[in-house]
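Welcome! Here is a short tour for anyone meeting this structure for the first time. Take a moment with the view below, then read on.

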There are 6 protein chains.
Amino acid sequence: MQHNAIRELYSKALFQQVGESVAKVVLRYLPYEMMDGGMVDVTGKPRAFREAIAEGRIRLRKETLRLIREGRVRKGDVFTTARVAGVMACKRTSEIIPLCHPIPITYVNVYFEVEELDVVARAHVKTRAETGVEMEALTAVMASLLTIWDMVKEYEKDSRGQYPETTIHSVKVLRKIREGEQH
Amino acid sequence: MQHNAIRELYSKALFQQVGESVAKVVLRYLPYEMMDGGMVDVTGKPRAFREAIAEGRIRLRKETLRLIREGRVRKGDVFTTARVAGVMACKRTSEIIPLCHPIPITYVNVYFEVEELDVVARAHVKTRAETGVEMEALTAVMASLLTIWDMVKEYEKDSRGQYPETTIHSVKVLRKIREGEQH
Amino acid sequence: MQHNAIRELYSKALFQQVGESVAKVVLRYLPYEMMDGGMVDVTGKPRAFREAIAEGRIRLRKETLRLIREGRVRKGDVFTTARVAGVMACKRTSEIIPLCHPIPITYVNVYFEVEELDVVARAHVKTRAETGVEMEALTAVMASLLTIWDMVKEYEKDSRGQYPETTIHSVKVLRKIREGEQH
Amino acid sequence: MQHNAIRELYSKALFQQVGESVAKVVLRYLPYEMMDGGMVDVTGKPRAFREAIAEGRIRLRKETLRLIREGRVRKGDVFTTARVAGVMACKRTSEIIPLCHPIPITYVNVYFEVEELDVVARAHVKTRAETGVEMEALTAVMASLLTIWDMVKEYEKDSRGQYPETTIHSVKVLRKIREGEQH
Amino acid sequence: MQHNAIRELYSKALFQQVGESVAKVVLRYLPYEMMDGGMVDVTGKPRAFREAIAEGRIRLRKETLRLIREGRVRKGDVFTTARVAGVMACKRTSEIIPLCHPIPITYVNVYFEVEELDVVARAHVKTRAETGVEMEALTAVMASLLTIWDMVKEYEKDSRGQYPETTIHSVKVLRKIREGEQH
Amino acid sequence: MQHNAIRELYSKALFQQVGESVAKVVLRYLPYEMMDGGMVDVTGKPRAFREAIAEGRIRLRKETLRLIREGRVRKGDVFTTARVAGVMACKRTSEIIPLCHPIPITYVNVYFEVEELDVVARAHVKTRAETGVEMEALTAVMASLLTIWDMVKEYEKDSRGQYPETTIHSVKVLRKIREGEQH
């Protein structure tokens, strides 16, 4: 059966345009693999330990990287502020990404390295839940990198107030782990 | 005078370890350009029309791009969902980036294009405020791209559940505009 | 010119597929009345005093209405709790309704009356802004009515845990006012 | 024993105006059925699969319904936007309704139908938790209907900027299900 | 006229139980000084530069204070983390305190000092708005002090997991300033 | 091994500057007691019933206390409003305190007493989670006390608009309980 047909069937069941007994089966037992649209139904999935590591980079001017390395950025401690932003955004991932499930994060941290051209951010997230945390790790990385940008704005702007060089790039999931299931 | 000395003076004024009259001058009139740390003080800045356009890309598999182009992604309408996510995150930028000021956004939208290797997102943000909206435009782009990732997860995972190719990249501010001041 | 054509032009201008000078005009000066999609652009609109009164009703069992009238609902003071919920949701309207602008609410309150069959909630909202507050007033009404429902759940459920009678209805905007503009 | 007496006893126990051993019993083991006020204590309740379907309607002008049916509403795709709004509000129900518990939603979606006079929204919510999700389903319906209103404002206003016909009504819980308990 | 009488009149006007012309006067022009209940109506008040400094203290064990002073707290940089928490909570004051107006904060920072028995936090907040920012400054102080507590929990707990000494105290507004009005 | 060495090792493992097998051990099994920085990793901890009672006081003028006692505060019902504020803030503790885990609160309430010089607030919080709820109870107390302050501002200000007497103090955790573990 094709996606559109199944979506229609689900919709009909929801609006009770099929018999009660059909509706019950469709609404409750239709596997998501056959269903269509919206948030994935993870109701029946077992809880498991899940983990993800994501990474991203922000390209900055050499002078800016030097100021960060020497701890002389005027707006304050760049990495502690960016880490807090990443941790807090991570916990609110399901408010930022519409179809993400709310997940009880049990660990999240973000670490940073200053390279020759970039600052690298790596986020490590853990949970015990029905679904994975790669979007949570990516959200932590994103919020951290945006916070770094915000903290070094004045060093990255050119004379016309533009950002010709600043770029966030290479944002990816490095590892996603799922261990033994657990009820 | 150097940053650390000014930061210390401000702190002393705040804790009233200098005379009342000195404290008053330091706390109220010390120009931010001389001050140090934390949120930029924009209290005295005039309101102006401000605008920013930011852009970012997500690299996806060709098969995924085809599904998006043909509107056949199982989780639903990718671009409308990503646009709503971008618009809603944009309005909450100051909750995600610690030192951003709350800004009364008067317009925001996000547009998308499917290219050969990437989906491109462009966010356009306007306001009438004391400070610019480039972080708001970047936040809209980020939330939109993360939402696209979330919606096509199942097509991007390899057999081990990893994302070997998916990458967010080339996130930058294209234009920042500030027009005539206005009280 | 039709909607789709204009939407396409705007999109082309945003992606710089038209000349710089055309892009500038389209992105900045195209009146919203001609534009298409997403949040309305209110950047250029003058600030004015704006006000809205919205109303809604919740149908409850007579016994429940009696308990409310006599202040004997187990979960506590129904109207104060519902009022606080309405006021707080009103301030966050732009987080609940995707295309609403963030508005600096200057007054909001919700009042209640117990009628023969219903509780009526009326919300009164004021601001000084570029756009109206009817969605804010409706959001206050909705949050208040949902809170009332939540507080009297145990008296409305039948023996199978269902709510055969409870209904929210007649939610409408009673008055929307806009007074003299103000810069 | 009556409500007020029990509320008073609980309060006394909390403020240690009764002996330590009495306080311990009252604070820990007094069944909620005897207690009074505030959030229901679900600490000891078993987790179960729970589900709810709620529905609501918005009365719109025939011309507006036609525009929705034909996908020609200027602000964009009405149902995808309303669905996203419903899904996102659903996940934040406990931030909108004061005495609701935070619930780890495992599935939520909202479907729409255009009838002769109304748009109908149906929300379907699932979880595995200590308490039901009917308020979550109602919140999804409400946010979806408010979003529809917001998207068709310009077609519903009369010449004086008022909404003489637009009405949200018939918001109710269609079904609430609780299946086998699970620890 | 007494409070209750005015509250009743306002309520009657809202529910149109008085004539249209009386209702209009009451709803629009009744000065707040005579009105009753809920959020203060600041719609007609002029915008002015406003500022507040608030302070609070947390009593900690000497050993904990030493670890803070030496930057050896295991959970990381206490003051940067507490400052970020204070700044972020400050911007969301109107989501935490029900009857607070949303205020466009133009500056906020929190500074810390380690004394013999306490850590002192001072928050400095500025805006240009219709109403003052003392609640915003107090909220920043509170969030900062709670964050400090959270970061040093392991050093403050006794062998039974209790906090016999940790105490937040002396939270007050040091100065509230309002300068020349401005439209 | 000292904190800094372990923090460095963890960071190296995260950035894969050690061998894959070492990285795996460090990232997954290094006990938190040896690790450093950021949110405590509670992934492997068993769920248990947990409970906390926290308390705080606000010193108010005798006249203000009398108005509260007599229910004559102009802004409305002080204790119901403060209770709702406390309950709602409690549920969002992990959004206010950066390194707090999101916790599924199963019960929270706040009770008040008027003493000779102070109003006392006591919050009682319960959950079934991997970590305790004392920060949640403290957050409820804080939001409740700030809300009381906000509601009686007009009675506490002196002729210069200052608050010479109002003080929040004696905020502490009275009891923290953890019972039998539960998977």
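## How the chains meet

Between chain E and chain F there are two salt bridges. Please keep in mind that this is a predicted model. In one salt bridge, the side chain of Glu95(E) pairs with that of Arg92(F), with 3.0 Å from N to O. The interface of chain E and chain F also has 12 residue pairs in polar contact, counting pairs with both residues at pLDDT 80 or more.

How many residues of each chain take part here? On the chain E side there are 51 residues, and they are in contact with 51 residues of chain F. The size of an interface is often given as the accessible area lost when the parts come together. For chain E and chain F this buried area is about 4000 Å², and carbon and sulfur atoms account for 59% of it. Three residues stand out on the chain E side: Arg74(E), Lys75(E) and Leu146(E) provide 17% of the area that chain E buries against chain F, more than any other three residues.

Now turn to chain A and chain E. Six residues from chain A and six residues from chain E make up their contact. About 510 Å² is buried between chain A and chain E, with 69% coming from carbon and sulfur atoms. On the side of chain A that touches chain E, the residues are two nonpolar, two polar and two charged.

| Chains | Buried area | Share on carbon and sulfur | Salt bridges |
|---|---|---|---|
| chain E and chain F | about 4000 Å² | 59% | two salt bridges |

Some pairs of chains do not touch. Chain A and chain C are one such pair, with their nearest C-alpha atoms 10 Å apart. Chain D and chain E also have no contact, and their closest C-alpha atoms are 10 Å apart.

## Inside the chains

Chain A is assigned domain 1, covering 3-36, and domain 2, covering 48-178. Between the C-alpha centres of these two domains of chain A lie 40 Å.

What about the cysteines? Cys100(D) is in no disulfide, and its nearest cysteine sulfur belongs to Cys90(D), 10 Å away. With a relative accessible area of 6%, Cys100(D) is buried.

Technical notes:
Residues are numbered from 1 along each chain as its sequence is written. Chains are lettered from A and ligands numbered from 1 in the order in which they are written. This is a predicted model: local features need pLDDT of at least 70, side-chain atom pairs count only at pLDDT 80 or more; totals for chains, interfaces and linings use all residues. Side-chain values use heavy atoms; hydrogens and water are left out. Contact means heavy atoms within 4.5 Å. Buried area is the accessible area (1.4 Å probe) that two parts lose on being put together, summed over both. Ala, Val, Leu, Ile, Met, Phe, Trp, Tyr, Cys and Pro count as nonpolar, Asp, Glu, Lys and Arg as charged, and the others, Gly among them, as polar. A disulfide is a pair of cysteine sulfur atoms within 2.5 Å. Buried means under 20% relative accessible area, exposed over 50%, partly exposed in between (1.4 Å probe, protein chains only). Domain bounds come from an automatic or database domain assignment. A salt bridge is a side-chain nitrogen of Lys or Arg within 4 Å of a carboxyl oxygen of Asp or Glu. A polar contact is a pair of N or O atoms within 3.5 Å; within protein, one must be able to donate a hydrogen and the other to accept it, and residues adjacent in sequence count only if both atoms are side-chain atoms.
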